[in-house]
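Good morning, colleagues. Please keep the sequence and the structure in view while I speak.

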Amino acid sequence: MENIEHYFDWAATSPADEDILTSSLKESMECWANPSSGHTAGKKAREELEKARKSIAAKLGVPESTLYFTSGGTESDQIPLLSVLSKPVKGSVLISSIEHPAIREQASVLTKLGWKVISIPANKEGFITAEAVTSLLTSDTHLVCVMAVNNETGAIQPIYEIADAIKKASEGKRKPKFHVDCVQAAGKIPLKLNYPGIDSAAFSAHKICGPRGIGLLYLKDSIDPFLKGGGQEKGLRSGTENLFGALAFSKCIDRYYMTEEKKPEINTKEFVKKLSELKNCTIVPQIRTEKEECFSPYVVQAAFKNIPGNVMLRALDAEGFYISTGSACSTKKANRPVLEAMQIPLDVRETAVRFSFGPKTTQKALDELFEAVKNINNKFQH
């Protein structure tokens, strides 16, 4: 088994909580029937599914009727996005320039189908400001998408300010829906999901120690889905429900979801500071060293001059440390759209790597990671 202690790619996926998965699998095997079946066995499975939904709703502070189980974060992002295709008249959607490929790439499909997709520019610090959003709103804007925490830089986006700004700019007019990708935020920063102006949000279990293949979509109000089928999940997301996944997700939310009372257990401020003091190391964005409170402590991006990102990854891998060069969904692609959107210079983009952490990351492991990075960096600097 690989060394979890030296695993620093939690933003790609988290090591599963063995206790949660084991107990959830056992429970789902006892409720083996289809939750949509009308017989007693089916009703028992349905009861367990709804218990999981109710538990999650209580933790998130929203009505259980607003939560829908999906196959993962990607589907939870794409259901609101594709719902605009049901509109009788085409219009525009605003997509932040730092979104995950689940939204960024899907938006290109809307363009091919005649919709106007407008990119909301990020500033050089990696943030989407409320002003940047409202300056692009038009009478035909149907949807705005801005993530809560960026998966490459850890920048916490001002989603509540953006929600307020959209609402204010839309007074007396039809307000566009506001969708928030919370995949990297859940379990890492406190979230106010019931905040006025947030219409939908996406979550994924495998980012908070749950299984792959199960996600969650929050919808303040019902929408007309573009994809139709057997009518499960109140007609929004057809397909036989994943009871095992739902049970595991509910337990992960209960154990790992971050609230105002439950603060992050990890402190990477010192790690960031020590990295910034290394010769030819650049924290991306550099403002992080001054505004640590504006970034999730669970994601850190840094670039090392003369060391291509893939070289640093392989060098650390050889020492038993696991990191990434960015989003796992973009590993095979040479470009770095998020860093490009921030106008990061090419030489920095090519040498940037991501360190990401989780609830099982210890201070000892952070110290050992820094020493390994420092030694590799020293070998390449002249």
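I shall take the cores, then the helix pairs, and then some individual residues.

This is a predicted model, in which local features need pLDDT of at least 70 and side-chain atom pairs count only at pLDDT 80 or more, while totals for chains, interfaces and linings use all residues. Residues are numbered from 1 along each chain as its sequence is written, and side-chain values use heavy atoms, with hydrogens and water left out.

I begin with the interior. A nonpolar core here is a set of buried Ala, Val, Leu, Ile, Met, Phe, Trp, Tyr and Cys residues joined through side-chain atoms within 4.5 Å. Buried means under 20% relative accessible area, exposed means over 50%, and partly exposed lies in between, with a 1.4 Å probe and protein chains only. The largest such core holds 70 residues, and those with the most contacts inside it are Leu-60, Val-133, Val-144, Phe-178, Leu-191, Phe-203 and Phe-249. Which helix gives the most to this core? Helix H7, residues 243–256, does, with eight residues. Helices (H or I, at least four residues) and strands (E, at least two) are DSSP runs, numbered from the N terminus. Another core, of 28 residues, lies apart from the largest one; among its members are Phe-8, Leu-275, Phe-304 and Ala-365.

Let us look at one member of the largest core. Leaving aside residues up to four places away in sequence, Leu-191 touches Ala-148, Tyr-160, Cys-182, Ala-185, Ala-186, Phe-203, Tyr-257 and Met-258. Contact means heavy atoms within 4.5 Å.

I turn to the helix pairs. Axes are lines fitted to C-alpha atoms, for helices over the stretch in contact, and angles run from 0 to 180 degrees between N-to-C directions. Helix H1, residues 18–30, packs with H7 at an angle of about 145°, their axes being 8 Å apart. H1 passes H7 in a right-handed crossing; a crossing is right-handed if the near helix is turned clockwise from the far one by less than a right angle, and left-handed if anticlockwise. On the H1 side, the contact includes Ile-20, Leu-21 and Leu-25, and on the H7 side Leu-243, Phe-244 and Leu-247 are among the residues involved. By class, this contact of H1 with H7 has nine nonpolar, three polar and three charged residues. In this scheme Ala, Val, Leu, Ile, Met, Phe, Trp, Tyr, Cys and Pro count as nonpolar, Asp, Glu, Lys and Arg as charged, and the others, Gly among them, as polar.

The next pair is H3, residues 73–83, and H4, residues 101–112, whose axes come within 10 Å and cross at roughly 30°. That makes H3 roughly parallel to H4; angles under 35 degrees count as roughly parallel, over 145 as roughly antiparallel, 65 to 115 as roughly perpendicular and the rest as oblique. H3 passes H4 in a right-handed crossing. Thr-74, Asp-77, Gln-78, Leu-81 and Leu-82 of H3 meet Ala-102, Ile-103, Gln-106, Ala-107 and Leu-110 of H4.

The axes of H8, residues 269–276, and H12, residues 363–380, come within 11 Å and cross at roughly 10°. H8 and H12 are therefore roughly parallel to each other. Phe-271, Lys-274 and Leu-275 of H8 contact Leu-366, Asp-367, Leu-369, Phe-370 and Val-373 of H12. These divide into six nonpolar, no polar and two charged residues.

Now to the backbone. Most residues other than glycine have a negative phi, and most peptide bonds are trans. Where is a cis peptide bond found? One joins Val-284 and Pro-285, with omega about -5°. Pro-285 sits in the loop between strand E8 (281–283) and strand E9 (299–304). Asn-306, with phi near 75°, lies in the loop between E9 and helix H9 (309–318), and Asn-306 is partly exposed at 41% relative accessible area. Gln-343 has a positive phi of about 60° and belongs to the loop between H10 and helix H11 (346–350). Is Gln-343 buried or exposed? Gln-343 is exposed, with a relative accessible area of 54%.

Leu-67 lies in strand E1, residues 67–70, and counts as buried at 0% relative accessibility. Leu-67 and Ser-200 are 133 residues apart along the chain, and their C-alpha atoms are separated by 9.6 Å. Not counting residues up to four places away in sequence, the contacts of Leu-67 include Ile-56, Leu-60, Leu-216 and Tyr-218.
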